[in-house]
Amino acid sequence: MKADAIALPRFHARLWPYVAAALGVAVLISVPNFAGLYQTQLLTYGLIMAIGALGFNLLLGYTGLLSFGHSAYFGLGAYTVAFLLQWLGIRSMELYILLGLPVVAIVSALFGYVCVRHTRIFFGILTLALSQVLYSLALKFFWVSGGTDGLRVKRPTLLAGMIDFAGSGGFSRFLVAYYYYVLGVFILSTAIIWVIVHSPFGKALQAIRDNETRARFLGLRVRRFRWAAFLLSGTFTGLAGILWAPLNGLTTPDVLYWPFSGEIVFMTLLGGFRNFFGPIVGGVAFTFIKTYAVASTEYWQLLLGTVLVVLVLLLPTGIVGVLVQVARRRVPMERS
Amino acid sequence: MSLLRTVELRKRFGALNACDGVNFTVEKGEFLSLVGSNGAGKTTLVNLITAHLQPDSGQVLFEERDITGLSVSERIKAGIARSFQLVNLFDGLSVFDNVALAIFAREGKTAKIAALAANDDDVRRETREVLAEFGLAAKSELMAGELAQGERKLLDVAVAYALGPKLLFLDEPTSGVSSAEKAQIMDTVSSVVRSGAVTAVVIEHDMDVVFRYSDRIVMMHEGAFLADGPPDAIRANEAVASILLGAPSPA
Amino acid sequence: MSILVVQILNSLFYASVLFLIAAGLSLIFGVMRIVNLAHGSLFAVGAYIAAWLVGRAIAMGLPVVWLLLLMPVAALAVALLGIVIEPLLLRPFYRRAEEYQLLVTFGLLLILEDLMRLVWGGLPLTADTVMDAIPSVHIGALIYPGYNILVIGVGVAAAILLWVVIYGTKFGVLLRATSQDRRMAAALGLNVGLVYVAAFAVGCFMAGLGGAIVVPSHAAVLGMGIEALILAFVVVVVGGLGSLKGALVGALIVSFVRTAGIQFFPEIELAVLYLIAAFVLIIRPTGLFGTA
């Protein structure tokens with residue numbers, strides 16, 4: 001009897017993330033059936049941001065490093081797509097991803113190598129400065145980057161060119177198809193990051209986050225782990241940028257500008273950065289909130305800023321953090 | 001062959017002579033207590049042996065191998081581990097994961113990124129064994145930050161032990177805990193030593209604890225050894241008694 | 001030759017403004033260990049308030065000399081804003097993780113940027129009259145605004161004044177004691193809370209003053225705060241966070257590099273600055289004169 005009493009709660013506690021995930025996926029798959037095109041498109045953006053935030057949170061929530069320069073990788077991903085189209089005429093989404101990921105990975109590795117030599121404030125400032133180098137390059141070399149006008153990105157072909165969206169009704173077909181495409185990439189990314197975070201590597205990262213000194217005394221090479229986390233983080237956020245460009249149809253320097261880095265931090269905090277699903281909820285929620293804020297008032301920055309301040313003051317654990325606290329009060333069990 | 005031997009180990013901090021030509025030996029399988037007043041040089045000695053400090057001169061020999069030039073992580077690999085005076089845990093990880101991580105680190109598995117930690121049965125089994133030995137099995141799913149102080153100290157020792165060292169240094173493992181918890185900690189360490197799994201050197205101030213558990217007591221004073229021997233011999237040593245109690249020897 | 005002198009004067013002008021902003025940022029960090037992301041926005045608020053005050057003063061027909069006095073008034077207004085901000089938004093976070101402080105100040109930035117838009121609209125606000133009121137000087141064959149020289153004077157005066165206050169007055173001792181060891185200062189009976197508010201107010205005053213003195217030359221526009229913040233960051237990174245000397249030296253270096261950059265490599269002038277910052281951070285993380 002006693003064995004049961006201990007085993008049962010633990011069984012629930014380990015299972016619920018998978019159950020929640022399965023439910024979530026089921027809901028997401030059915031969205032285009034009952035939501036309009038606009039909502040579907042919005043949700044696509046939301047899922048893209050969720051991938052970006054998940055990547056970002058690898059660094060913040062799991063390694064304890066706050067980067068204020070993640071716009072660099074997102075923007076780099078977006079511009080890579082635009083360049084691939086413009087210079088090489090590539091239209092295939094798969095090629096965008098296949099060729100774009102190494103680019104963001106290399107730059108993440110480079111920037112990361114420089115940044116992880118420092119921690120806390122200087123780390124943040126350094127990530128900010130490096131991202132602004134990219135921004136100023138995009139702005140100044142306007143004959144390459146299109147300057148503030150940006151570069152147009154046409155509708156890509158999906159699934160190795162099998163599906164394209166020319167002709168009438170192409171846009172709506174694209175929106176629906178692209179939603180499923182992004183959903184697929186999102187599910188895959190989430191699964192990969194889940195494994196990363198629950199692997200021995202992921203545990204080591206969290207240990208470094210909690211107690212760098214003790215981690216060193218376990219023989220862990222702290223700087224190397226941080227660098228690896230940075231690389232992975234930048235790559236996933238870059239993936240989000242790659243997915244974003246064809247949907248947005250246009251890549252401008254705004255996506256490299258540092259307030260966008262702030263938005264990435266904001267959405268992660270909104271969802272809760274101490275929980276795996278927090279960034280997902282935050283990414284989607286923020287996309288909707290910002291869209292409605294921008295639509296409803298000219299002063300959406302004021303609104304957003306106020307929400308952010310209130311959030312940090314009152315709800316530091318974010319939406320998911322609050323949900324978890326509520327759930328734990330209702331269902332007392334030992335945490336896993 | 002002694003397990004550990006230091007040869008004329010010296011360390012000064014400005015005018016303070018923390019270690020004055022110390023020749024310290026530790027034999028395999030013993031439970032040794034390192035005592036002395038604050039500033040006597042105990043922690044400095046341990047720091048020198050575990051590579052948290054570099055000596056001004058002298059050598060550290062482990063199993064007759066010169067390890068003086070090795071780094072912290074290299075000495076851990078060689079078989080020396082320590083716990084800390086101020087508890088040093090990974091509060092955001094569970095008790096289970098704290099110990100498991102030490103084992104992963106020891107096994108060199110921390111680079112594994114494509115497999116779930118939960119799937120490594122060997123590590124999980126050994127973690128459960130260590131937790132059981134330290135009486136923490138029931139708390140294994142709690143966050144380390146949620147434990148009571150005495151349990152945190154136990155966990156700290158457990159994590160150092162899980163590194164599979166041959167020689168384990170414990171820096172004041174019973175400071176800041178109740179007497180019941182003290183007994184629990186020291187009983188566990190003692191039984192782990194008795195089982196032959198590890199040799200322990202404990203820095204302690206609580207003389208009751210020291211006399212009850214130690215095989216051998218070494219007393220430091222102003223960077224040098226004042227006395228070295230089994231508890232009975234130390235008890236009878238008048239010089240020691242005057243330093244410890246500031247009065248003629250007790251019964 | 002005259003062109004060279006003009007470029008040097010331009011750099012010094014720019015350095016004066018940057019110094020004020022950066023010194024304020026450094027002071028706040030040195031005493032409170034807070035990096036205020038909204039600091040640039042406070043600079044912008046100072047510019048807007050100064051330009052607005054000048055507009056009203058002209059409408060009321062005040063003599064031009066008085067216009068100059070409006071600059072410190074605008075700075076004072078920003079300091080008052082700081083006195084409101086500190087207990088409301090910053091104090092709750094002193095015990096919390098650094099990330100939260102950065103986030104709150106980022107939220108403040110968003111709020112301030114839009115508040116400026118709300119109050120003053122999207123069009124630039126100018127205060128040219130002040131600049132025109134100061135007679136021009138001749139440098140060789142060139143005519144150079146006398147106002148710029150005045151600004152350089154203000155910069156120098158501010159540097160000296162700050163130095164005197166921090167190293168020569170009792171208040172300065174309080175600031176330095178608190179910045180070195182907050183707990184010790186509190187244990188000695190210092191009202192740390194008051195010191196914090198005072199330090200923050202002084203930092204805000206300086207940012208506001210920077211905005212006020214720059215606006216006759218460069219109109220107040222939306223987004224100027226964000227640009228200024230990044231530059232201020234570069235300055236404190238190069239000079240060292242928490243160091244007055246560092247703010248001065250950093251401001252000079254950044255200004256001269258910027259002027260040279262605009263002259264010789266205009267495309268990548270910004271990038272060069274950021275790279276310098278990154279470079280300094282790599283080889284000397286605490287900056288030239290920084291306290292870690």
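1. Chains A and C share the most contacts of the two pairs of chains in contact, where two residues are in contact if their C-beta atoms, placed from the backbone, lie within 7 Å. This is a predicted model, in which local features need pLDDT of at least 70 and side-chain atom pairs count only at pLDDT 80 or more, while totals for chains, interfaces and linings use all residues. Residues are numbered from 1 along each chain as its sequence is written, with chains lettered from A and ligands numbered from 1 in the order in which they are written.

2. Chain A contributes 32 residues to its contact with chain C, and chain C contributes 33 residues. On the side of chain A that touches chain C, helices H5 (120-140), H11 (258-271) and H13 (300-314) of chain A each supply at least two residues, helices being DSSP runs of H or I of at least four residues, numbered from the N terminus. The largest share of that side, 13 residues, comes from H5(A).

3. By residue class, the side of chain A that touches chain C divides into 21 nonpolar, eight polar and three charged residues; Ala, Val, Leu, Ile, Met, Phe, Trp, Tyr, Cys and Pro count as nonpolar, Asp, Glu, Lys and Arg as charged, and the others, Gly among them, as polar.

4. Chains B and C, by contrast, do not touch, and their nearest C-alpha atoms are 15 Å apart.

5. Within chain C, Val234(C), Val237(C) and Val238(C) of H10(C) meet residues of H12(C), including Leu273(C), Tyr274(C) and Ile276(C). The residues of this contact between H10(C) and H12(C) divide into nine nonpolar, no polar and no charged.
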